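Subject: Structure for your review, with notes

Dear colleague,

Here is the structure that I would like you to look over, followed by an account of what was found in it. Please read the notes with the model open beside them.

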Amino acid sequence: MRALAYFGPGNVRVVKKPDPRIEHPQDVVLRVTRAAICGSDLHLLHGLVPDTRVGCTLGHEFTGVVEEVGRDVKTLKRGDRVVVPFNISCGRCFFCERGLFANCENTNPSSNDIASGVYGYSHTTGGFEGGQAEYVRVPFADVGPTRIPEDMEDEEVLFLSDILPTGYQAAEMGEIQKGETVIVFGSGPVGLFAQLSAWLMGAGRVIAVDRVPERLHFARQFNGVEILNFEEVDDPVMTLREMTGGRGADVCIDAVGMEAEGSTLERALGLKANLEAGVATALAWCIQTARKGGNVSIVGVYGPPWNLVPIGTAMNKGLTLRMNQCNVKRYLPHLLKHIREGRIDARRIITHRFPLERAPEAYDLFEKRARGCIKCVLLPHGEA
Amino acid sequence: MSTDRRADGLHTHLPPAGPGRVDDVDPTARPGVPMEHLPEPFPTAPERVVVQRPRVEVLQIPGRKKPVWVVSNAQPPRGLSGRLRRRAFRIPEHHPQHWMLLLAADRLEVRLTRAKRWLGFAAGALALWAVLRAIEDR
């Protein structure tokens, strides 16, 4: 089969690989129909995630058709169309039994601290091959994949694999009360869905912060939010405080993660000198723009071992910091209902589609945010 | 902010969402609240699980009490970078050295892969040159 593989920072190529096969009785093998490129794939592309080995296949947002079924799989059969959560979860461990599917302890041999197994996200999350390929192995098929309703298209539900539930969980962890003001840092795909979810949870005011004019324009069109381009103001924190009556926002959401812009010093320390794990500027701004006693919700991806974060400010302001990788499986039925009933049209954020062989070009476009790119989707088998 | 979404040209594509729409305003309507619920197995989770035997070397973090149930057989550690990775996996992950060694192994593997590729090209070019030279000499 063909698959998109990593060959070093800034270098991904489509290569031929052996087809995946059933390796465990609870596996299925999928023929991938749609695979999206996630903002967090860029952290891999930039070599920021430890234990990213040469030749690994990327991609953790995908839909597909079941091709092969392991002997102990009970809920899926050949030909079923499914959307697959990015986290691989057993459904039975201490954490899965408590709803923390992102923290499953039976799918990632490489780490006790860093999440469950994840498709196409380095050996730090288990080294499982990703979905930016023609075929992919899916472990614990009775737990992760969700069948796509017959009357729905793959692209309508593709983002249930990660970014839609992640954005929703971001808003949910913010514990938004009716009428509250929410600032969402980052207007990429996760940020867009966090903004939308904030409205669904009763926010009175939502402010989107980013530096890419096209993304802010899209956020305004897509979600009707107020926007702030932080490169157009002297001091984004002061500006946001002024915009929120001097006190700050009730809830701040970090939908940016480890490659934030906005601080030359932090970028030098984190990205050039590797003295911290990327850049936590967005998180610092969350802490600095939340009101005293407010909530900060973190879904932007950070890695080990550490980051410079103004934890003293957070402590002295009495902030509540909440964070996790998304427990995708918990949100699937609820968000599927929102999509079916027309409250969320996730497909609208797709701006570009590419065949698999042009995946490196898609990465380049997505990385540069060029040509109004919000979200790229790969079609490993064409339109079929 | 205006709640008349049509008036300012916003939301025309998405009438049910946006300001004023509060489907999940009640925290009990939110599926992830509370984030950690009382323990219960996922309804379709397997009752009996076979522990997968890896076909290749799979590095395990120290301190793990039992093997995980599924593993990946892709990209086992190999060569010099593999030696560094094995060394990293002798150090618990709360020590920064674990991650520094892994990052070093990543960079080394990329450079060695690139060098191997260039060596391949160079060897090919050299062979071609030698053949052409031999033909010329005849």
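Throughout this message, a residue is called buried when its relative accessible area is under 20%, exposed when that area is over 50%, and partly exposed in between, with a 1.4 Å probe and protein chains only. The model is a predicted one, in which local features need pLDDT of at least 70 and side-chain atom pairs count only at pLDDT 80 or more, whereas totals for chains, interfaces and linings use all residues. Residues are numbered from 1 along each chain as its sequence is written, chains are lettered from A and ligands numbered from 1 in the order in which they are written, and side-chain values use heavy atoms, with hydrogens and water left out.

The two domains of chain A

Chain A is divided into domain 1 (2-162 + 327-383) and domain 2 (163-323), the bounds being those of an automatic or database domain assignment. Taken over C-alpha atoms, the centres of these two domains of chain A are 25 Å apart. Their contact (heavy atoms within 4.5 Å) draws on 34 residues of domain 1 of chain A and 23 residues of domain 2 of chain A. Between them the two domains bury about 2,500 Å², with 71% of it on carbon and sulfur atoms; buried area here is the accessible area (1.4 Å probe) that two parts lose on being put together, summed over both. On the domain 1 side, A:Leu48, A:Tyr331 and A:Ile374 supply 24% of the area buried against domain 2 of chain A, more than any other three residues.

Helix H8 of chain A

Helices (H or I, at least four residues) and strands (E, at least two) are DSSP runs, numbered from the N terminus. Helix H8 (residues 281-289) of chain A is largely enclosed by the rest of the structure, because eight of its nine residues are buried. The buried residues of H8(A) are A:Thr281, A:Ala282, A:Leu283, A:Ala284, A:Trp285, A:Cys286, A:Ile287 and A:Thr289. Their cover includes, from chain A, strands E10 (181-185), E13 (249-254) and E14 (290-298), together with helices H6 (236-243), H7 (264-272) and H9 (311-317).

Chain B and its interface with chain A

The secondary structure of chain B comes to two helices and zero strands, and 30% of its 138 residues count as buried. In the interface, 87 residues of chain A are in contact with 73 residues of chain B, and the two chains bury about 6,800 Å² between them, 56% of it on carbon and sulfur atoms. On the chain A side, A:Arg53, A:Arg92 and A:Pro109 lose the most area to chain B, together 10% of what that side buries. Four salt bridges are counted between chain A and chain B; A:Glu23 forms a salt bridge with B:Arg55, with the closest N and O atoms 3.3 Å apart.

Salt bridges

Over all chains the count comes to 34 salt bridges. A:Asp51 pairs with A:Arg53, the closest N and O atoms being 2.9 Å apart, and both A:Asp51 and A:Arg53 are buried. A:Arg340 forms a salt bridge with A:Asp151, with the closest N and O atoms 2.5 Å apart. Because A:Arg340 lies in helix H10 (residues 328-340) of chain A and A:Asp151 in the loop between strand E9 (146-147) and helix H2 (154-157) of chain A, this pair ties together parts that are 189 residues apart in sequence. A:Arg340 is partly exposed, at 44% relative accessible area, while A:Asp151 is exposed, at 57%.

A:Arg347 forms a salt bridge with A:Glu153, and their closest N and O atoms are 2.9 Å apart. Since A:Arg347 lies in the loop between H10 and strand E16 (352-355) of chain A and A:Glu153 in the loop between E9 and H2 of chain A, the pair ties together parts that are 194 residues apart in sequence. Salt bridges that share partners also join A:Asp51, A:Arg53, B:Arg78, B:Arg85, B:Asp106 and B:Glu109 into one network.

With best regards

Technical notes
A salt bridge is a side-chain nitrogen of Lys or Arg within 4 Å of a carboxyl oxygen of Asp or Glu.
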